[in-house]
Amino acid sequence: MPAPETATDLQIGDVAERTGLSLKTIRHYEEVGLLPESRRSPGGFRLYGEPAVRRLLLIMQMKPLGFSLEEMADIIALRERLASPRLSERTRAGVVEQLAAYHALADEKLADLRRRVDSAERFARELQQPLA
C-alpha cells in the first residue's frame with residue numbers, strides 16, 4: 001500500500017519547475033540512482049519531497065564542474081553518511097578525508113572552468129573589434 005500524499009509532496013512537473021530540469025532529466029537521475037525512487041500517488045504520478053528537490057539542486061551544482069554520474073553518486077552518499085549520527089569517529093574521519101579529496105577535485109575543475117570562461121570572454125571581445 002503506497003504512503004499517503006502529504007502537503008509537501010510535489011509531482012514531477014512541479015519539481016521540474018522548481019529546479020529548471022526537464023522531466024526526462026529528473027527521470028534519468030532516478031533511473032541511474034542519483035535520486036531515490038519516487039513514491040507514487042494513487043493515480044500513479046511520481047511524488048517527490050523537499051529532500052529530492054535539494055538533491056537535484058546539489059546535482060545541478062556538480063554538473064557544470066563535469067563530475068561523472070558515479071562521482072556525483074559517491075559525493076551524495078558521502079554527504080549523507082557524514083550526516084549520520086551513528087558514525088564512529090574513525091569512519092567519520094575517513095568520510096571527511098574522501099570529501100576533502102572531492103573538494104580538491106572541485107577546486108581543480110572550477111579553475112579549469114574559469115580558464116575556459118576567460119578564454120571565451122577574450123574571444124567575445126575580439127569579435128567586437130573590426131577586422132584589420
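Me: How many residues does helix 4 have, and how far does it reach from its first C-alpha to its last?

Reply: First, the ground rules. This is a predicted model, in which local features need pLDDT of at least 70 and side-chain atom pairs count only at pLDDT 80 or more, while totals for chains, interfaces and linings use all residues. Residues are numbered from 1 along each chain as its sequence is written, and side-chain values use heavy atoms, with hydrogens and water left out. Helices (H or I, at least four residues) and strands (E, at least two) are DSSP runs, numbered from the N terminus. The expected span of a helix is 1.5 Å times one less than its number of residues. Helix 4 covers residues 69-82, which gives 14 residues. Its reach is 20 Å, close to the 20 Å expected at 1.5 Å a residue.

Me: Which residues of helix 4 are buried, and where do they lie around the axis of the helix?

Reply: Buried means under 20% relative accessible area, exposed over 50%, and partly exposed in between, with a 1.4 Å probe and protein chains only. In helix 4, the buried residues are Met72, Ile75, Ile76 and Leu78. Viewed down the axis, the buried residues of helix 4 fall within an arc of 165 degrees (taken from the directions from the helix axis to the C-beta atoms), so they line one face of the helix. As a general idea, an α-helix has 3.6 residues a turn, so residues three or four places apart point the same way.

Me: Which helices do the buried residues of helix 4 pack against?

Reply: They pack against helix 3 (50-62) and helix 5 (89-128). Contact here means heavy atoms within 4.5 Å.

Me: What does Arg79 touch?

Reply: Arg79 is placed in helix 4 and is partly exposed at 46% relative accessibility. Leaving aside residues up to four places away in sequence, Arg79 touches Leu58 and Leu99. Between Arg79 and Val96, 17 residues apart in sequence, the C-alpha to C-alpha distance is 8.9 Å.

Me: How is a nonpolar core read, and which residues touch the most other members of the largest one?

Reply: A nonpolar core is a set of buried Ala, Val, Leu, Ile, Met, Phe, Trp, Tyr and Cys residues joined through side-chain atoms within 4.5 Å. The largest one holds 26 residues, of which Ile26, Leu56, Ile59 and Met62 touch the most other members. At least two residues of this core come from each of helix 1 (12-19), helix 2 (23-31), helix 3, helix 4 and helix 5. Helix 3 supplies the largest share, six residues. With residues up to four places away in sequence not counted, Ile26 touches Ile12, Val15, Ala16, Thr19, Leu21, Leu35, Tyr48 and Leu56.

Me: How many salt bridges does a search of the whole structure find?

Reply: Side chains of opposite charge can pair when their charged atoms come close. The criterion for a salt bridge is a side-chain nitrogen of Lys or Arg within 4 Å of a carboxyl oxygen of Asp or Glu. The search finds six. One of them joins Arg18 and Glu50, at 2.7 Å from N to O. Arg18 lies in helix 1 and Glu50 in helix 3, so this pair ties together parts that are 32 residues apart in sequence. Arg18 is partly exposed at 46%, and Glu50 is partly exposed at 28%.

Me: Which parts does the salt bridge between Arg55 and Glu80 tie together?

Reply: The side chains of Arg55 and Glu80 meet at 1.9 Å, N to O. Because Arg55 belongs to helix 3 and Glu80 to helix 4, the pair ties together parts that are 25 residues apart in sequence. Arg55 is buried at 14% relative accessibility, whereas Glu80 is partly exposed at 45%.

Me: What separates Arg115 and Asp112 in helix 5?

Reply: These two residues form a salt bridge, with the closest N and O atoms 3.8 Å apart. Arg115 and Asp112 are three residues apart in helix 5, so about one helical turn separates them. Arg115 is exposed at 51%, and Asp112 is partly exposed at 34%. Salt bridges with shared partners join Asp112, Arg115 and Arg116 into one network.
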